[in-house]
Amino acid sequence: MEIRWYVLLVIIAATVVTMIPRVVPLMVLSRFELPAWAMRWLNYVPIAVMAALIGQELFVHDGTIPPISKNFELWAAIPSFIIAVLTRSILGTVLSGVVVLMVLRNFF
């Protein structure tokens with residue numbers, strides 16, 4: 001098997017480019033303590049990112065907004081959200097979403 005050095009160099013370069021935005025902030029921020037307002041602000045970042053990802057999946061399909069009656073993902077998200085709030089179980093939430101979506105797609 002022939003080794004292509006440029007492929008290896010591209011892999012190494014991609015690794016370095018991927019690691020820089022992850023490691024540098026960690027190294028810089030570990031040197032000092034952030035103020036309380038910054039820590040409060042950073043607590044909302046994961047929630048905001050998750051809401052943006054889920055919102056796009058629930059409301060936009062193939063670049064258009066489907067009618068609510070045909071938006072099965074949105075209807076499946078409602079009982080999943082209720083189960084998540086009541087049980088705080090990831091497994092129960094995912095299973096309820098999958099089962100409800102399966103029922104909706106197969107019977108409606």
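A salt bridge here is a side-chain nitrogen of Lys or Arg within 4 Å of a carboxyl oxygen of Asp or Glu. The model is predicted.

Q: Which residue forms a salt bridge with Arg105?
A: A search of the whole structure finds one salt bridge. The closest N and O atoms of the pair are 2.6 Å apart, within the 4 Å cut-off. The partner of Arg105 is Glu73.

Q: How many residues apart in sequence are the parts that Arg105 and Glu73 tie together?
A: Arg105 belongs to helix H5 (residues 90–107), whereas Glu73 belongs to helix H4 (residues 72–87). The pair therefore ties together parts whose separation in sequence is 32 residues.

Q: Is Glu73 buried, partly exposed or exposed?
A: Buried means under 20% relative accessible area and exposed means over 50%. Glu73 has a relative accessible area of 23%. Glu73 is therefore partly exposed.

Q: What span should the 16 residues of H4 have?
A: The calculation takes 1.5 Å a residue, multiplied by one less than the number of residues.

Q: Which helices do the buried residues of H4 pack against?
A: The buried residues of H4 are Phe72, Leu74, Ala76 and Ser80. Their packing partners are helix H3 (45–59) and H5.

Q: Which residues are in contact with Ser80, leaving aside its neighbours within four places in sequence?
A: Ser80 lies in helix H4 and is buried, with a relative accessible area of 9%. A polar atom of its side chain lies 2.9 Å from the backbone oxygen of Ala76. Beyond the neighbours within four places in sequence, Ser80 is in contact with Thr93, Ser96 and Gly97.

Q: The backbone oxygen of which residue lies 2.7 Å from a polar atom of the side chain of Thr18?
A: Thr18 is in helix H1 and counts as partly exposed at 37% relative accessibility. An α-helix has 3.6 residues a turn, so residues three or four places apart point the same way. The backbone oxygen in question belongs to Ala14.

Q: What accessible area does the nonpolar patch that includes Ile3 have?
A: Ile3 is found in the segment before helix H1 (5–29) and counts as exposed at 56% relative accessibility. Other members of the patch include Trp5, Leu8, Val16 and Phe32. Together the patch residues have an accessible area of about 1100 Å².

Methods:
Residues are numbered from 1 along each chain as its sequence is written. This is a predicted model: local features need pLDDT of at least 70, side-chain atom pairs count only at pLDDT 80 or more; totals for chains, interfaces and linings use all residues. Side-chain values use heavy atoms; hydrogens and water are left out. Helices (H or I, at least four residues) and strands (E, at least two) are DSSP runs, numbered from the N terminus. Buried means under 20% relative accessible area, exposed over 50%, partly exposed in between (1.4 Å probe, protein chains only). Patches are made of residues with over 30% relative accessible area and no salt bridge: like charges are joined within 9 Å, nonpolar side chains (Val, Leu, Ile, Met, Phe, Trp, Tyr) within 5 Å. Accessible areas come from the Shrake-Rupley method with a 1.4 Å probe; for residues, only the protein chains shown count as cover. Contact means heavy atoms within 4.5 Å. A polar contact is a pair of N or O atoms within 3.5 Å; within protein, one must be able to donate a hydrogen and the other to accept it, and residues adjacent in sequence count only if both atoms are side-chain atoms.
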